[in-house]
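Have the structure open as you read.

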Amino acid sequence: MTSSVVTQTKAGAQPAVKSHPLVTAEVLQAYQLSAQTDILPFGNGHINQTFLLKDGDKRLILQKINTAIFPSAQDLVQNALKIEQHLLAKKQQGLYGLEVLRQQAKADGSYLAGTTQDLRALQFIDNGSSIEVVENPAQAYAAALTFGQFAAALADFDASQLVTVLPDFHHLGMRFMQLKQAISADASGRLSQCQQLVDYCLAQQALVAELEQVCAALPLRVCHNDTKINNMLYSAQLQRGIAAIDLDTCMPGYWLFDFGDMVRTCCSPEPEDSLDTEAVRVRPEIFKALAEGYLKGLAGVISKAEKQSLLLGAKVMCLMIGIRFLADHLNGDRYFAIKRPNHNLQRAQNQIRLYQDLLKQEPTLAACFSE
Ligand code: ADP
Ligand code: GN1
Ligand code: MG
(Lines give C-alpha, C1' and ligand atoms only; values in the text may rest on other atoms or scores of the structure.)
(Ligands and ions follow the chains in the order given, each with its own letter.)
Protein backbone atom coordinates (compact mmCIF):
# COMPACT_ATOMS: atom_id res chain seq x y z
CA MET A 1 0.00 0.00 0.00
CA THR A 2 1.26 3.46 -0.85
CA SER A 3 1.37 5.80 2.11
CA SER A 4 -0.29 9.16 1.70
CA VAL A 5 1.82 12.03 0.48
CA VAL A 6 1.30 15.05 2.66
CA THR A 7 2.05 18.46 1.23
CA GLN A 8 2.41 20.53 4.37
CA THR A 9 1.52 23.82 2.80
CA LYS A 10 3.83 25.61 5.23
CA ALA A 11 6.79 24.26 3.29
CA GLY A 12 7.02 23.20 -0.33
CA ALA A 13 8.15 19.73 -1.31
CA GLN A 14 10.65 21.05 -3.84
CA PRO A 15 13.62 23.39 -3.28
CA ALA A 16 13.01 27.11 -3.42
CA VAL A 17 14.60 29.29 -6.10
CA LYS A 18 14.98 33.06 -6.23
CA SER A 19 14.07 33.41 -9.88
CA HIS A 20 11.86 31.58 -12.35
CA PRO A 21 11.06 32.45 -15.98
CA LEU A 22 7.36 32.77 -15.12
CA VAL A 23 7.77 34.65 -11.86
CA THR A 24 9.56 37.76 -12.99
CA ALA A 25 10.52 40.81 -10.91
CA GLU A 26 7.49 42.64 -12.37
CA VAL A 27 5.15 39.86 -11.26
CA LEU A 28 6.56 39.89 -7.72
CA GLN A 29 6.29 43.66 -7.59
CA ALA A 30 2.71 43.59 -8.90
CA TYR A 31 1.71 41.46 -5.91
CA GLN A 32 3.81 43.62 -3.57
CA LEU A 33 6.46 40.98 -2.94
CA SER A 34 10.18 41.74 -2.69
CA ALA A 35 12.91 40.57 -5.04
CA GLN A 36 14.09 38.28 -2.20
CA THR A 37 10.96 36.13 -2.47
CA ASP A 38 11.47 32.36 -2.46
CA ILE A 39 9.67 30.61 -5.31
CA LEU A 40 8.65 26.98 -4.75
CA PRO A 41 6.90 24.76 -7.31
CA PHE A 42 3.90 23.46 -5.38
CA GLY A 43 1.18 20.80 -5.41
CA ASN A 44 0.35 18.00 -7.82
CA GLY A 45 -2.26 19.52 -10.17
CA HIS A 46 -2.45 18.19 -13.75
CA ILE A 47 -3.58 21.41 -15.43
CA ASN A 48 -2.20 24.64 -13.99
CA GLN A 49 1.28 25.37 -12.68
CA THR A 50 1.30 26.30 -9.01
CA PHE A 51 3.98 28.07 -6.94
CA LEU A 52 4.27 29.01 -3.31
CA LEU A 53 5.85 32.45 -2.90
CA LYS A 54 7.51 33.19 0.46
CA ASP A 55 8.65 36.69 1.27
CA GLY A 56 9.60 36.85 4.94
CA ASP A 57 6.35 36.07 6.79
CA LYS A 58 4.23 36.78 3.73
CA ARG A 59 2.96 33.83 1.67
CA LEU A 60 1.04 33.71 -1.59
CA ILE A 61 0.02 30.98 -3.99
CA LEU A 62 0.74 31.93 -7.61
CA GLN A 63 -0.78 30.02 -10.49
CA LYS A 64 -0.16 30.04 -14.20
CA ILE A 65 -3.52 29.24 -15.66
CA ASN A 66 -3.42 26.76 -18.53
CA THR A 67 -5.13 28.85 -21.21
CA ALA A 68 -5.13 25.95 -23.68
CA ILE A 69 -7.80 24.52 -21.35
CA PHE A 70 -9.24 27.65 -19.73
CA PRO A 71 -9.19 30.16 -22.61
CA SER A 72 -10.20 33.10 -20.40
CA ALA A 73 -8.19 33.56 -17.22
CA GLN A 74 -10.39 36.60 -16.59
CA ASP A 75 -13.53 34.43 -16.48
CA LEU A 76 -11.89 32.10 -13.96
CA VAL A 77 -11.01 34.96 -11.66
CA GLN A 78 -14.44 36.59 -12.01
CA ASN A 79 -16.20 33.28 -11.19
CA ALA A 80 -13.91 32.76 -8.19
CA LEU A 81 -14.55 36.29 -6.89
CA LYS A 82 -18.31 35.78 -7.00
CA ILE A 83 -18.05 32.51 -5.09
CA GLU A 84 -15.64 34.12 -2.63
CA GLN A 85 -18.07 36.99 -1.94
CA HIS A 86 -20.97 34.61 -1.41
CA LEU A 87 -18.99 32.41 1.01
CA LEU A 88 -17.61 35.40 2.92
CA ALA A 89 -21.15 36.69 3.42
CA LYS A 90 -22.19 33.25 4.72
CA LYS A 91 -19.20 33.23 7.03
CA GLN A 92 -20.14 36.63 8.41
CA GLN A 93 -23.61 35.32 9.17
CA GLY A 94 -22.05 32.34 10.99
CA LEU A 95 -23.34 29.96 8.33
CA TYR A 96 -19.98 28.77 6.95
CA GLY A 97 -17.22 27.52 9.21
CA LEU A 98 -14.50 26.83 6.63
CA GLU A 99 -11.76 29.12 5.35
CA VAL A 100 -12.68 30.94 2.14
CA LEU A 101 -10.26 30.70 -0.77
CA ARG A 102 -9.49 34.30 -1.71
CA GLN A 103 -8.07 35.77 -4.88
CA GLN A 104 -5.25 38.23 -4.24
CA ALA A 105 -5.50 41.57 -6.05
CA LYS A 106 -2.38 43.32 -7.34
CA ALA A 107 -1.36 46.71 -5.99
CA ASP A 108 -3.41 48.35 -8.79
CA GLY A 109 -6.59 46.47 -7.81
CA SER A 110 -6.66 44.15 -10.83
CA TYR A 111 -6.00 40.43 -10.52
CA LEU A 112 -4.08 39.01 -13.46
CA ALA A 113 -0.34 39.40 -14.01
CA GLY A 114 2.40 38.37 -16.43
CA THR A 115 3.08 39.27 -20.05
CA THR A 116 0.21 37.07 -21.23
CA GLN A 117 -2.06 37.94 -18.28
CA ASP A 118 -2.47 34.34 -17.22
CA LEU A 119 -0.97 34.49 -13.73
CA ARG A 120 -3.17 34.92 -10.70
CA ALA A 121 -2.47 34.88 -6.99
CA LEU A 122 -4.43 33.34 -4.13
CA GLN A 123 -4.14 34.13 -0.47
CA PHE A 124 -2.26 31.35 1.25
CA ILE A 125 -4.37 29.31 3.65
CA ASP A 126 -2.16 28.80 6.68
CA ASN A 127 -1.63 25.50 8.47
CA GLY A 128 -3.30 23.48 5.73
CA SER A 129 -2.23 20.04 4.59
CA SER A 130 -3.21 18.25 1.43
CA ILE A 131 -2.91 14.53 0.83
CA GLU A 132 -2.96 12.28 -2.22
CA VAL A 133 -4.25 9.08 -0.60
CA VAL A 134 -6.73 8.83 2.26
CA GLU A 135 -5.46 6.69 5.12
CA ASN A 136 -8.56 6.04 7.22
CA PRO A 137 -12.33 6.59 7.39
CA ALA A 138 -11.93 9.66 9.63
CA GLN A 139 -9.97 11.45 6.91
CA ALA A 140 -12.56 10.44 4.31
CA TYR A 141 -15.39 11.70 6.52
CA ALA A 142 -13.60 15.03 7.02
CA ALA A 143 -13.02 15.48 3.27
CA ALA A 144 -16.63 14.72 2.38
CA LEU A 145 -17.94 16.93 5.17
CA THR A 146 -15.81 19.78 3.79
CA PHE A 147 -17.10 19.43 0.24
CA GLY A 148 -20.63 18.91 1.58
CA GLN A 149 -20.47 22.11 3.62
CA PHE A 150 -19.04 23.95 0.62
CA ALA A 151 -21.93 22.72 -1.57
CA ALA A 152 -24.51 23.53 1.11
CA ALA A 153 -23.20 27.10 1.42
CA LEU A 154 -23.56 27.53 -2.34
CA ALA A 155 -27.04 25.99 -2.51
CA ASP A 156 -28.62 29.48 -2.61
CA PHE A 157 -26.01 30.99 -4.94
CA ASP A 158 -27.37 32.05 -8.31
CA ALA A 159 -25.46 29.78 -10.69
CA SER A 160 -26.40 31.90 -13.71
CA GLN A 161 -23.81 34.42 -12.47
CA LEU A 162 -21.04 31.97 -13.34
CA VAL A 163 -19.48 31.69 -16.78
CA THR A 164 -19.49 28.04 -17.86
CA VAL A 165 -15.74 27.88 -18.37
CA LEU A 166 -15.68 24.26 -19.58
CA PRO A 167 -18.94 23.42 -21.36
CA ASP A 168 -20.12 19.79 -21.02
CA PHE A 169 -17.32 19.10 -18.56
CA HIS A 170 -19.13 16.11 -17.04
CA HIS A 171 -21.18 15.13 -20.07
CA LEU A 172 -20.49 11.41 -20.29
CA GLY A 173 -21.87 11.13 -23.83
CA MET A 174 -19.52 13.89 -24.97
CA ARG A 175 -16.56 12.13 -23.30
CA PHE A 176 -17.43 8.93 -25.22
CA MET A 177 -17.57 10.99 -28.41
CA GLN A 178 -14.11 12.39 -27.68
CA LEU A 179 -12.82 8.87 -27.06
CA LYS A 180 -14.26 7.73 -30.40
CA GLN A 181 -12.62 10.69 -32.16
CA ALA A 182 -9.30 9.79 -30.54
CA ILE A 183 -9.72 6.17 -31.67
CA SER A 184 -10.49 7.20 -35.26
CA ALA A 185 -7.57 9.60 -35.46
CA ASP A 186 -5.12 7.34 -33.58
CA ALA A 187 -2.83 10.36 -33.82
CA SER A 188 0.09 8.77 -32.00
CA GLY A 189 -0.26 5.24 -33.31
CA ARG A 190 -1.03 3.91 -29.83
CA LEU A 191 -4.39 2.25 -30.46
CA SER A 192 -3.13 -1.30 -30.97
CA GLN A 193 -1.31 -1.10 -27.64
CA CYS A 194 -4.53 -0.50 -25.71
CA GLN A 195 -7.27 -2.06 -27.85
CA GLN A 196 -8.57 -4.25 -25.04
CA LEU A 197 -9.04 -1.32 -22.68
CA VAL A 198 -10.65 0.73 -25.47
CA ASP A 199 -13.11 -2.10 -26.20
CA TYR A 200 -13.95 -2.45 -22.53
CA CYS A 201 -14.67 1.28 -22.22
CA LEU A 202 -16.82 1.36 -25.34
CA ALA A 203 -18.87 -1.50 -23.92
CA GLN A 204 -19.88 0.70 -20.97
CA GLN A 205 -21.95 3.20 -22.98
CA ALA A 206 -25.26 2.13 -21.42
CA LEU A 207 -24.28 4.32 -18.49
CA VAL A 208 -24.84 7.43 -20.66
CA ALA A 209 -28.59 6.83 -20.95
CA GLU A 210 -28.87 5.82 -17.30
CA LEU A 211 -27.14 9.02 -16.22
CA GLU A 212 -29.31 11.19 -18.48
CA GLN A 213 -32.46 9.60 -17.14
CA VAL A 214 -31.43 10.06 -13.51
CA CYS A 215 -30.22 13.66 -14.00
CA ALA A 216 -33.47 14.65 -15.71
CA ALA A 217 -35.17 14.29 -12.31
CA LEU A 218 -32.51 16.12 -10.28
CA PRO A 219 -32.09 19.83 -9.48
CA LEU A 220 -29.19 21.61 -11.14
CA ARG A 221 -26.75 22.71 -8.43
CA VAL A 222 -23.59 24.77 -8.13
CA CYS A 223 -20.92 22.09 -8.14
CA HIS A 224 -17.22 22.15 -7.43
CA ASN A 225 -16.70 19.63 -10.25
CA ASP A 226 -13.16 18.65 -9.23
CA THR A 227 -13.53 17.30 -5.70
CA LYS A 228 -10.40 15.23 -5.77
CA ILE A 229 -8.76 14.76 -2.43
CA ASN A 230 -5.94 17.25 -3.03
CA ASN A 231 -8.49 19.97 -3.79
CA MET A 232 -9.32 20.39 -0.12
CA LEU A 233 -7.09 21.32 2.77
CA TYR A 234 -6.98 19.54 6.11
CA SER A 235 -5.86 20.97 9.42
CA ALA A 236 -2.17 20.31 10.11
CA GLN A 237 -2.76 16.92 11.79
CA LEU A 238 -5.43 15.89 9.24
CA GLN A 239 -8.22 15.70 11.84
CA ARG A 240 -10.62 18.06 10.07
CA GLY A 241 -11.13 19.85 6.77
CA ILE A 242 -10.39 23.56 6.72
CA ALA A 243 -11.09 24.61 3.12
CA ALA A 244 -12.30 23.60 -0.32
CA ILE A 245 -9.81 24.90 -2.89
CA ASP A 246 -9.20 24.82 -6.67
CA LEU A 247 -12.50 26.43 -7.65
CA ASP A 248 -11.72 26.71 -11.37
CA THR A 249 -14.36 24.20 -12.39
CA CYS A 250 -17.20 25.54 -10.23
CA MET A 251 -20.17 25.46 -12.58
CA PRO A 252 -23.74 24.22 -12.59
CA GLY A 253 -23.98 20.44 -12.36
CA TYR A 254 -25.29 17.59 -10.22
CA TRP A 255 -24.02 16.72 -6.78
CA LEU A 256 -23.58 13.10 -7.85
CA PHE A 257 -20.50 14.28 -9.79
CA ASP A 258 -18.90 15.79 -6.70
CA PHE A 259 -19.63 12.74 -4.60
CA GLY A 260 -18.34 10.52 -7.40
CA ASP A 261 -15.03 12.34 -7.68
CA MET A 262 -14.51 11.93 -3.94
CA VAL A 263 -15.13 8.21 -4.23
CA ARG A 264 -12.75 8.09 -7.18
CA THR A 265 -9.91 9.78 -5.31
CA CYS A 266 -10.46 8.58 -1.73
CA CYS A 267 -11.62 4.99 -1.89
CA SER A 268 -8.57 3.35 -3.41
CA PRO A 269 -5.54 2.67 -1.22
CA GLU A 270 -3.47 3.56 -4.31
CA PRO A 271 -3.09 6.93 -6.06
CA GLU A 272 -4.79 7.34 -9.45
CA ASP A 273 -1.56 6.63 -11.33
CA SER A 274 -0.30 3.69 -9.26
CA LEU A 275 1.10 0.86 -11.35
CA ASP A 276 -0.02 -1.65 -8.77
CA THR A 277 -3.44 -2.06 -10.36
CA GLU A 278 -3.97 -5.35 -8.48
CA ALA A 279 -4.10 -3.29 -5.28
CA VAL A 280 -6.58 -0.76 -6.68
CA ARG A 281 -9.96 -1.36 -5.07
CA VAL A 282 -12.83 0.38 -3.34
CA ARG A 283 -12.39 0.29 0.43
CA PRO A 284 -16.01 -0.06 1.62
CA GLU A 285 -15.32 1.56 4.99
CA ILE A 286 -13.96 4.65 3.18
CA PHE A 287 -16.98 4.74 0.88
CA LYS A 288 -19.29 4.58 3.91
CA ALA A 289 -17.42 7.41 5.63
CA LEU A 290 -17.65 9.55 2.46
CA ALA A 291 -21.39 8.97 2.26
CA GLU A 292 -21.83 9.89 5.92
CA GLY A 293 -19.65 13.01 5.71
CA TYR A 294 -21.25 14.30 2.51
CA LEU A 295 -24.81 13.70 3.75
CA LYS A 296 -23.94 15.39 7.05
CA GLY A 297 -22.58 18.45 5.22
CA LEU A 298 -25.70 18.59 3.06
CA ALA A 299 -28.22 17.70 5.77
CA GLY A 300 -31.53 19.44 5.17
CA VAL A 301 -30.49 20.52 1.66
CA ILE A 302 -29.99 17.33 -0.35
CA SER A 303 -33.14 15.68 -1.71
CA LYS A 304 -33.99 12.00 -1.50
CA ALA A 305 -33.55 11.61 -5.27
CA GLU A 306 -30.11 13.23 -5.10
CA LYS A 307 -29.10 10.95 -2.27
CA GLN A 308 -30.21 7.91 -4.29
CA SER A 309 -28.13 9.16 -7.25
CA LEU A 310 -24.77 9.32 -5.44
CA LEU A 311 -23.65 5.75 -6.11
CA LEU A 312 -24.31 6.25 -9.81
CA GLY A 313 -22.07 9.33 -9.57
CA ALA A 314 -19.24 7.17 -8.29
CA LYS A 315 -19.51 4.82 -11.27
CA VAL A 316 -19.82 7.69 -13.73
CA MET A 317 -16.80 9.60 -12.41
CA CYS A 318 -14.48 6.56 -12.35
CA LEU A 319 -15.49 5.60 -15.86
CA MET A 320 -15.42 9.17 -17.15
CA ILE A 321 -11.89 9.92 -15.96
CA GLY A 322 -10.75 6.52 -17.26
CA ILE A 323 -12.11 7.49 -20.68
CA ARG A 324 -10.55 10.97 -20.50
CA PHE A 325 -7.10 9.61 -19.61
CA LEU A 326 -7.39 6.97 -22.33
CA ALA A 327 -8.46 9.51 -24.99
CA ASP A 328 -5.58 11.77 -23.98
CA HIS A 329 -3.12 8.88 -24.26
CA LEU A 330 -4.41 8.16 -27.78
CA ASN A 331 -4.21 11.86 -28.66
CA GLY A 332 -0.56 12.05 -27.60
CA ASP A 333 -0.91 13.50 -24.06
CA ARG A 334 -2.17 16.93 -25.01
CA TYR A 335 -4.40 17.66 -21.99
CA PHE A 336 -3.11 16.14 -18.74
CA ALA A 337 0.49 16.84 -17.74
CA ILE A 338 2.49 13.61 -17.73
CA LYS A 339 5.64 12.74 -15.80
CA ARG A 340 6.59 9.51 -17.59
CA PRO A 341 5.85 7.68 -20.86
CA ASN A 342 2.42 6.01 -20.93
CA HIS A 343 1.42 7.94 -17.81
CA ASN A 344 -2.10 8.60 -19.10
CA LEU A 345 -2.53 4.97 -20.14
CA GLN A 346 -1.48 3.85 -16.66
CA ARG A 347 -3.91 6.32 -15.10
CA ALA A 348 -6.68 4.99 -17.36
CA GLN A 349 -5.91 1.36 -16.46
CA ASN A 350 -5.91 2.26 -12.78
CA GLN A 351 -9.21 4.15 -12.88
CA ILE A 352 -10.99 1.50 -14.96
CA ARG A 353 -9.88 -1.10 -12.46
CA LEU A 354 -11.48 1.04 -9.74
CA TYR A 355 -14.67 1.30 -11.81
CA GLN A 356 -14.76 -2.50 -12.16
CA ASP A 357 -14.38 -2.96 -8.42
CA LEU A 358 -17.20 -0.48 -7.84
CA LEU A 359 -19.47 -2.54 -10.11
CA LYS A 360 -18.55 -5.65 -8.14
CA GLN A 361 -19.32 -4.07 -4.79
CA GLU A 362 -22.33 -2.04 -5.91
CA PRO A 363 -25.01 -4.07 -4.04
CA THR A 364 -23.28 -3.72 -0.67
CA LEU A 365 -22.26 -0.08 -1.19
CA ALA A 366 -25.88 0.80 -1.98
CA ALA A 367 -26.73 0.00 1.64
CA CYS A 368 -24.99 3.26 2.64
CA PHE A 369 -27.97 5.16 1.18
CA SER A 370 -30.84 3.09 2.48
CA GLU A 371 -32.56 4.53 5.51
P1 ADP B 1 -4.37 22.77 -9.86
O2 ADP B 1 -5.46 23.53 -10.53
O3 ADP B 1 -3.16 22.70 -10.69
O4 ADP B 1 -4.83 21.43 -9.38
P5 ADP B 1 -4.63 23.76 -7.13
O6 ADP B 1 -5.38 25.04 -7.06
O7 ADP B 1 -5.35 22.53 -6.75
O8 ADP B 1 -3.95 23.63 -8.58
O9 ADP B 1 -3.33 23.91 -6.22
C10 ADP B 1 -2.34 22.88 -6.15
C11 ADP B 1 -2.02 22.59 -4.68
O12 ADP B 1 -1.53 23.79 -4.04
C13 ADP B 1 -3.19 22.14 -3.82
O14 ADP B 1 -3.40 20.73 -3.90
C15 ADP B 1 -2.77 22.60 -2.42
O16 ADP B 1 -1.87 21.65 -1.85
C17 ADP B 1 -1.99 23.89 -2.70
N18 ADP B 1 -2.81 25.12 -2.57
C19 ADP B 1 -3.56 25.68 -3.55
N20 ADP B 1 -4.14 26.82 -3.12
C21 ADP B 1 -3.77 26.98 -1.84
C22 ADP B 1 -4.02 28.01 -0.85
N23 ADP B 1 -4.77 29.08 -1.12
N24 ADP B 1 -3.45 27.87 0.37
C25 ADP B 1 -2.66 26.80 0.64
N26 ADP B 1 -2.37 25.82 -0.25
C27 ADP B 1 -2.91 25.90 -1.48
C1 GN1 C 1 -7.55 17.59 -13.32
O2 GN1 C 1 -6.39 20.29 -12.09
P3 GN1 C 1 -6.55 19.04 -11.30
O4 GN1 C 1 -5.32 18.22 -11.28
O5 GN1 C 1 -7.13 19.33 -9.94
C6 GN1 C 1 -8.85 17.74 -14.12
C7 GN1 C 1 -9.97 16.95 -13.45
C8 GN1 C 1 -9.57 15.49 -13.35
C9 GN1 C 1 -8.25 15.38 -12.60
C10 GN1 C 1 -7.74 13.96 -12.59
C11 GN1 C 1 -9.88 21.11 -15.41
O12 GN1 C 1 -7.70 18.16 -12.05
O13 GN1 C 1 -11.16 17.06 -14.19
O14 GN1 C 1 -10.56 14.74 -12.69
O15 GN1 C 1 -7.23 16.21 -13.22
N16 GN1 C 1 -9.20 19.14 -14.23
C17 GN1 C 1 -9.59 19.66 -15.41
O18 GN1 C 1 -6.79 13.81 -11.60
O19 GN1 C 1 -9.71 19.00 -16.43
MG1 MG D 1 -6.09 20.94 -7.93
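Start with D156 and K90, whose side chains meet in a salt bridge at 2.8 Å, N to O. D156 sits in the loop between α3 (137-153) and α4 (172-185), while K90 is in helix α2 (residues 73-92), so this pair ties together parts that are 66 residues apart in sequence. Keep in mind that this is a predicted model. In total, the structure holds twelve salt bridges, and a few of them are picked out below.

- K90 has a relative accessibility of 12%; since buried means under 20%, K90 counts as buried.

**R120 and D248**
- Another salt bridge brings the side chains of R120 and D248 together, at 2.9 Å from N to O.
- This pair links distant parts of the chain, 128 residues apart: R120 is in strand β6 (residues 119-123), and D248 is in the loop between β10 (241-244) and β11 (251-253).
- Are these two buried or exposed? Both R120 and D248 are buried.

**R353 and E278**
- R353 pairs up with E278 in a salt bridge, with 3.9 Å between the closest N and O atoms.
- R353 belongs to helix α10 and E278 to the loop between α7 (255-266) and α8 (284-297), so the bridge ties together parts that are 75 residues apart in sequence.
- The relative accessible area of R353 is 29%, which makes it partly exposed.
- E278, at 62% relative accessibility, counts as exposed, because the cut-off for exposed is over 50%.

- Which residues do salt bridges with shared partners join into one network? They are D261, R264 and E272.

**L345, also in helix α10**
- L345 lies in helix α10, which covers residues 343-365; R353 from the bridge above is in helix α10 too.
- With a relative accessible area of 7%, L345 is buried.
- Leaving out residues up to four places away in sequence, L345 touches Q193, C194, L197, L326 and H329.
- For a sense of distance, the C-alpha atoms of L345 and G189 are separated by 13 Å, and the two residues are 156 apart along the chain.

Key
Residues are numbered from 1 along each chain as its sequence is written. Chains are lettered from A and ligands numbered from 1 in the order in which they are written. This is a predicted model: local features need pLDDT of at least 70, side-chain atom pairs count only at pLDDT 80 or more; totals for chains, interfaces and linings use all residues. Side-chain values use heavy atoms; hydrogens and water are left out. Helices (H or I, at least four residues) and strands (E, at least two) are DSSP runs, numbered from the N terminus. Buried means under 20% relative accessible area, exposed over 50%, partly exposed in between (1.4 Å probe, protein chains only). Contact means heavy atoms within 4.5 Å. A salt bridge is a side-chain nitrogen of Lys or Arg within 4 Å of a carboxyl oxygen of Asp or Glu.
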